[in-house]
Amino acid sequence: MVTRYGIASVEGMAAGTAVLLAKGASPEEGAPGAGGGMTLDEAFEAEKKKFEAFSREGSGETAGIFAAHLEILEDPMLRETIEGRLADGLSPVDAVRAASDELAAMFAEIDDEYLRARADDVRDICRGLSDRLSGGRSNTLDNLPEDAVIVAEELFPSDTAEMDFGKVRAFVTRKGSVTSHVSIIARSKGIPALLGVDIDGIGTGDRLLVDGNTRQLTVGPDEGAEKAFFAKMKQLAESDEEDVPLRPAGTPVAVFGNAGSLEDITVAIEAGAEGIGLFRTEFVFMNASYFPTEEEQFAIYREAVRRCNGKPLIIRALDIGGDKALPYLNLPPEENPFLGMRGVRLCLKHPEGFRLQVRAILRAGAFGPVRMMIPMVAKEGELEDVLRLVKVCTEELEREGVAHDPTLQVGIMVETPAAVLMAPELARKAAFFSIGTNDLTQYTMAADRGNPGVAPLYNPMDPAVKRAIEMTVVAGREAGIPVGICGEMASTAEGRRVLASLGVDSVSLSSPRQISKLKQK
Amino acid sequence: MKTQKITVLAENGLHARPVGDIVRAVKSYAETTVTLATPAKTVSGASMLGVLSLGLKAGTEVEITANGPQEDQALAAIVRIIETAE
């Protein structure tokens, strides 16, 4: 029995049989004529049909991914590079691999995050082609056991698009983060995923226990580990059957949804969310090749309001820096990005850009109940600066005669220990608190959530984190402002019970499935 | 054959959107071939991968060459896209 920790995870628990997804057939098997594979033309045609089908059948985001894949597949440079390697005397499979490496390397070298990410697209497409040529891999997915745990170096959109999710119980990958494709798919399918796991030595057929809540993977568990695992799973399932947890006052905790796109809002509201407790605006900025204009932002925020159907929408100010960079902002690399220029610090450093977001949010507020939330606040002065900027922008819009919310509520995320310690003072100026338990845990415990070595320390249920939450709740209650939670701690029934007992007013959840389960009661 | 040199002014270089515009424009002039060249390499204007791989940054000088029945229009269209890219 071996236990390993992932660097990141998608919540949930599953036990099953490992299915190792190879990185394509090995070069030996790919010799010309071997394996009964296709010709290059047939492979291109087959992949084209596949992407067309995925792009047609996929929903919003997935459809877009495959439309872009299609464009690259049909790009003359891809074909030319492959043919160049064929002319060098390589076999078709090796030629595709060589072209893949060459093109991916070319993009990986470019000093630009967006373009670097295209390297993954190229590798995904080339792997599909080489699998067609060699006749390898695809049958791995055709014959899944009923309890498959997919183990791979990394998973690409074309892998997951072909999976039978009636049989897939969990994902375990070496690469990937909570924002990568594999996590998005895992969340939407409601299955756990462990990312950043050392997968060496795991073989197809191995028994695996996947615990997305503790980021723990057990390979070949002994009887005791199996028993403990299923006891915990049963307990979680039973507690999931419970009603929405009650606060000490006897009133239920309100259930909101987290959203990272417009589509997420619709899904959360349809699942029964009482509003959107965290609308991440990073996608607005990351999908653009330049700083989005006020009009562009306004159009998106107004659409977000419309999709909320009159329910409250909390828009978080751009939370960039740290692990998420913006190509066009030219942020210098930092030695400790999580202790560096991020969240409100970055917003206030670029007031001319931040202003556009504030104005767009104020204007969206004319169409429904909108609140603005400020991330990474450590000092009262930061909140004061933001409130001043909001006041200036409100006055401008007033003068310009543009419709807006004249009394926009501005709250803060409580995710630094400094904000917890100063919560009574902050509560007098903030309209609400929203506790980001992920960063609060990381900063309170001084434990990097990406470092498996300290994974046991990174625990939102630690008494120190609970006490920090309680201090924040008490400060909020005394000032008469609502206190919500928008971190992963609220994603388990156990976490929600603890949060309710501490007196939080609302939890904001990422999983639409959980929202509908809680709201059906 | 028509050729023109132009310097990329877009502060953050040419990204997916303008590059996509270039590729679509080039493809719309079916009989005319367009290449883009920097001192480092020359690529087909009809290849998204190729144009992206030039890594066109602010200040880069790029030479556009159009050859075919609609070379004047094609050249003008590409120059305009690069000039107006933000």
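Two residues are in contact if their C-beta atoms, placed from the backbone, lie within 7 Å. By that rule, A:I276 touches A:F256, A:G257, A:A259, A:I265, A:A268, A:C308, A:L313 and A:I314, leaving aside residues up to four places away in sequence.

A word on the ground rules: this is a predicted model, where local features need pLDDT of at least 70 and side-chain atom pairs count only at pLDDT 80 or more, while totals for chains, interfaces and linings use all residues. Residues are numbered from 1 along each chain as its sequence is written, and chains are lettered from A and ligands numbered from 1 in the order in which they are written.

A:I276 turns up again in the largest nonpolar core, which has 83 residues; A:I276, A:I374 and A:I412 have the most contacts inside it. A nonpolar core here is a set of buried Ala, Val, Leu, Ile, Met, Phe, Trp, Tyr and Cys residues joined through C-beta atoms within 7 Å, and buried means that 20 or more other C-beta atoms lie within 10 Å of a residue's own. Another core, of 48 residues, lies apart from it and includes A:F51, A:M106, B:L56 and B:V62.

Now for chain B. Its secondary structure comes to three helices and four strands (DSSP runs: H or I over at least four residues for helices, E over at least two for strands, numbered from the N terminus). Along the sequence, they follow the pattern β-α-β-β-α-β-α. Of the 86 residues in chain B, 37% are buried.

Conventions. A residue is buried if 20 or more other C-beta atoms lie within 10 Å of its own, exposed if 12 or fewer, and partly exposed in between; C-beta atoms are placed from the backbone.
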